Amino acid sequence: MATTAVPSIVKNLSRNNILDFMASGEAESWSPQEILSWAVENFAPRMALSCSFGAREGMVLLDMYQRIDPAARVFSLDTGRIPQQTYDLMDRVRDRYHIPVEVVFPRAEDVEAMVRVEGMNLFYESIEKRQRCCRIRKVEPLSRYLAGLDAWVSGLRRDQNVTRAETPKIEIDASHGGIVKLNPLADWSEERVVEYVREHNIPVNRLHGEGYPSVGCAPCSRAIAPGDDPRSGRWWWENPETRECGIHVDEEDQGSGI
Ligand code: SF4
């Protein structure tokens, strides 16, 4: 199954030993493929890649992951507000890689109650309302999905935002039941991601070519000028410190009270 050699010393760790292994910092020197291979050996099929289809990082990991494990599991959150270009990319991935995408939706009753009281575009009114929308459309569906996994893979990189500067390659996700969270691209630069996409001719979201380095929900994403902070097109009306949806931040740090 694996095409990348996994250091034998860390194969098939018991759950108790995972903490010691992470504390050793050994994985920090590993390539993304080594991280993924290690994870497949230890967690598949109870692991999955979180792919928004709105960032090159997720597509790079999807490409690497399915080369290592043809049964790779990929999931995506459909908030109900994502652009058509993102749906188009999901179907292009199905055609090219022949893997199903597990699409996770928010609870309809929660969305209905929110928009009935606060309107369709509440997120522009305050940070609290924006975080409430993210919580209902993203955070709850993610938590519900992750409850069935032992590990998940994200495309976080340290230089994406001030909130991500300390991202480790392997961590325990205390916000989601203590499962393992893998960030194989933590030490990659934007340039390295773009180069991998080019080298392997990986399909990406067409909005990247229209000035969107990062595509999320349509009303909360916009194009940026060349040279601007790549994350500045997301929730642009907020300060950089608050520009997270709650998926990748500790709930207490976020202050969302989730
Ligand atoms: Fe709501 Fe915007 Fe968050 Fe999407 S990104 S869930 S539309 S606040």
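Where does Asn-201 lie?

Reply: Happy to take you there. Asn-201 lies in the loop between helix H7 (190–200) and helix H8 (251–254); helices here are DSSP runs of H or I with at least four residues, and strands are E runs of at least two, numbered from the N terminus. Bear in mind that this is a predicted model, where local features need pLDDT of at least 70, side-chain atom pairs count only at pLDDT 80 or more, and totals for chains, interfaces and linings use all residues. Residues are numbered from 1 along each chain as its sequence is written, and side-chain values use heavy atoms, with hydrogens and water left out.

Most residues other than glycine have a negative phi. Asn-201, however, has a positive phi near 50 degrees. Asn-201 counts as exposed because its relative accessibility is 60% (exposed is over 50% relative accessible area, buried under 20%, partly exposed in between, with a 1.4 Å probe and protein chains only).

Trp-235 is also found in the loop between H7 and H8. Its phi is positive too, about 45 degrees, although Trp-235 is not a glycine. With 2% relative accessibility, Trp-235 counts as buried.

Trp-235 also takes us to the ligand, as one of the residues around it, meaning that a heavy atom lies within 4 Å. Others around the ligand include Phe-123, Arg-130, Cys-217 and Cys-220. This shell divides into 6 nonpolar, no polar and 3 charged residues (Ala, Val, Leu, Ile, Met, Phe, Trp, Tyr, Cys and Pro are nonpolar; Asp, Glu, Lys and Arg charged; the others, Gly among them, polar).
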